[in-house]
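Work through these exercises with the model open beside you. Try each task before you read its solution.

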Amino acid sequence: MRLLIMGPPGSGKGTQATLIKQAYQIPHISTGEMFRAAIQTGSALGVEAKKYIDHGELVPDDITIEIVKNRITEKDCHHGFLLDGFPRTLPQAVFLDRLLEKCRLQLDAVLNLEMDEEALVKRILGRRVCSNCGATYHVESIPSQVAGICDVCGGKLVMRKDDTEETIRLRLRIYRENTYPLMEYYAKKDLIKTVDGSCDIQTSFQAVVQILGGINDHHKK
Ligand code: ADP
Ligand code: ADP
Ligand code: ZN
C-alpha cells in the first residue's frame, strides 16, 4: 500500500501513522521526523532545515524533495510506504507523481485528517515528545505514566521548539495557504479519504482501518 497522511499540524498524523505502520507493516516516513533527526545529529541538512523549522516555515522544496527521493527509493519501501507530512506544496506533489510514474506505481489513498483550528492549537500546546525515541504524548489526553518521562524508553519528555502559540498560528496559516490546496489536486485523482481527527485515537484509527480494508478489497478484485 502506498499512502499519504495529510492534515493540519496537530491533527494526529504522526499518532495515526504509528498505528498504521504497526498494523500494516509499511514504513512510516515523516519528513518532520527526518528533519528533527538531522537537527539532532548536527548534519549540514539539519543546520539548514533548523533555520526554517524553528520559525514554523516550510523547508525549501529542493531540500525536502531530495531527502524524500533518497528515502522512498530504499529497499524497505518497495512494497509500500506511508508518507506523513509530505507533500506539503504543489511542486512536492508533482515531484512525487513523476517519481511514482517513472516506477509505474500509484498511490492507493490520501488519508485526510480533518479538525477545527482552535482545537488544534490546544492539542499542539499540550504535545510532549520523547527527546530520546520520539514517542508522542499529550499532557491531558495521552499523558505518560510518570509525568515528564517516556513510557517506552524512560527518556525525558520535552516540548518541540516549534510548538509555541505564535509558531503554531503561522504553521496553520501556511497549511491553509500551501498545503490545503493539494486536497483539490488529490480529489481530482479521486484519492481523498477523509477521517475525523477530533475524536479519540482509537475511533479515528477504526475509521482508517475501514477505509484501508476497502482499498485492499478493491485491489484483490
Ligand atoms: P506538524 O505535523 O506538527 O506540522 P511535522 O513534524 O510534520 O509537524 O513538521 C515539522 C516542520 O518540519 C514543519 O513545520 C516544516 O518546517 C518542516 N517540514 C516537514 N515536512 C515538510 C515538507 N514536506 N516541506 C517543507 N517543510 C517540511
Ligand atoms: P501531527 O503529526 O498531525 O502534528 P500528532 O500525532 O503529533 O499530530 O498529535 C498532536 C498532539 O495531539 C500530540 O500531543 C498527540 O499525543 C495528541 N493527539 C493525537 N491524536 C489525538 C486524539 N485523537 N485525541 C487527543 N489527542 C490526540
Ligand atoms: Zn522514549
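This is a predicted model: local features need pLDDT of at least 70, side-chain atom pairs count only at pLDDT 80 or more; totals for chains, interfaces and linings use all residues.

Residues are numbered from 1 along each chain as its sequence is written, chains are lettered from A and ligands numbered from 1 in the order in which they are written, and side-chain values use heavy atoms, without hydrogens and water.

**Exercise 1. Find the order and the edge strands of the five-stranded open sheet.**

Step 1. Get the terms. Strands (E, at least two residues) and helices (H or I, at least four residues) are DSSP runs, numbered from the N terminus. Two strands pair if DSSP finds at least two bridges between them.

Step 2. Read the order. It is β2-β3-β1-β4-β8, with parallel pairing.

Step 3. Pick the edges. They are β2 (28-30) and β8 (192-196), and each pairs on one side only.

Step 4. From one strand to the next it averages 20°. Axes are lines fitted to C-alpha atoms, for helices over the stretch in contact, and angles run from 0 to 180 degrees between N-to-C directions.

Step 5. Check one pair. Strand β3 (residues 81-84) runs parallel to β2, and three bridges join them. In β3, aspartate 84 is the bridge partner of serine 30.

Step 6. Place the helix. Helix α1 (residues 13-24) packs on this sheet and touches β1 (2-6), β2, β3 and β4 (109-114). The direction of α1 makes about 155° with that of β1. Contact here means heavy atoms within 4.5 Å.

**Exercise 2. Locate leucine 19 and list its contacts beyond four places in sequence.**

Step 1. Leucine 19 is in helix α1.

Step 2. Leave aside the neighbours within four places in sequence. Leucine 19 then contacts Ile201, Gln202 and Phe205.

Step 3. Now take a distance. Leucine 19 and lysine 102 are 83 residues apart in sequence, and their C-alpha atoms are 30 Å apart in space.

**Exercise 3. Describe the antiparallel three-stranded sheet.**

Step 1. The order in this open sheet is β6-β5-β7. The edge strands are β6 and β7 (157-158).

Step 2. Take β5 (residues 127-130) with β7. They pair in the antiparallel sense over two bridges. Valine 129 stands opposite valine 158 in β7.

Step 3. Turn to β5 and β6. Three bridges link this antiparallel pair. Threonine 136 in β6 is the bridge partner of valine 129.

Step 4. Inspect the hairpin of β5 and β6. Five residues lie between the strands, and glycine 134 takes a positive phi near 85°.

**Exercise 4. Describe the surroundings of ligand 1.**

Step 1. Count the shell. 18 residues surround ligand 1, and the closest are Thr31, Arg36, Glu57, Arg88 and Arg171. A residue is near a molecule if one of its heavy atoms lies within 4 Å of it.

Step 2. Sort by class. The shell has six nonpolar, five polar and seven charged residues. Ala, Val, Leu, Ile, Met, Phe, Trp, Tyr, Cys and Pro count as nonpolar, Asp, Glu, Lys and Arg as charged, and the others, Gly among them, as polar.

Step 3. Find the main contributor. Helix α2 (residues 31-41) gives the most to this shell, with four residues.

Step 4. List polar contacts (N or O atoms within 3.5 Å). A polar side-chain atom of lysine 13 lies 3.0 Å from an oxygen atom of ligand 1. For arginine 127, a polar side-chain atom is also 3.0 Å from a ligand 1 oxygen.

Step 5. Work out the cover. Alone, ligand 1 exposes 550 Å², and the protein buries 96% of that. Accessible areas come from the Shrake-Rupley method with a 1.4 Å probe.

**Exercise 5. Do the task again for ligand 2.**

Step 1. Of the 18 residues around ligand 2, Lys13, Thr15, Arg127, Tyr137 and Cys199 come nearest.

Step 2. By class, this shell has six nonpolar, eight polar and four charged residues.

Step 3. A polar side-chain atom of arginine 127 lies 2.7 Å from an oxygen atom of ligand 2. The protein covers 91% of the 560 Å² of accessible area that ligand 2 has on its own.

Key
A polar contact is a pair of N or O atoms within 3.5 Å; within protein, one must be able to donate a hydrogen and the other to accept it, and residues adjacent in sequence count only if both atoms are side-chain atoms.
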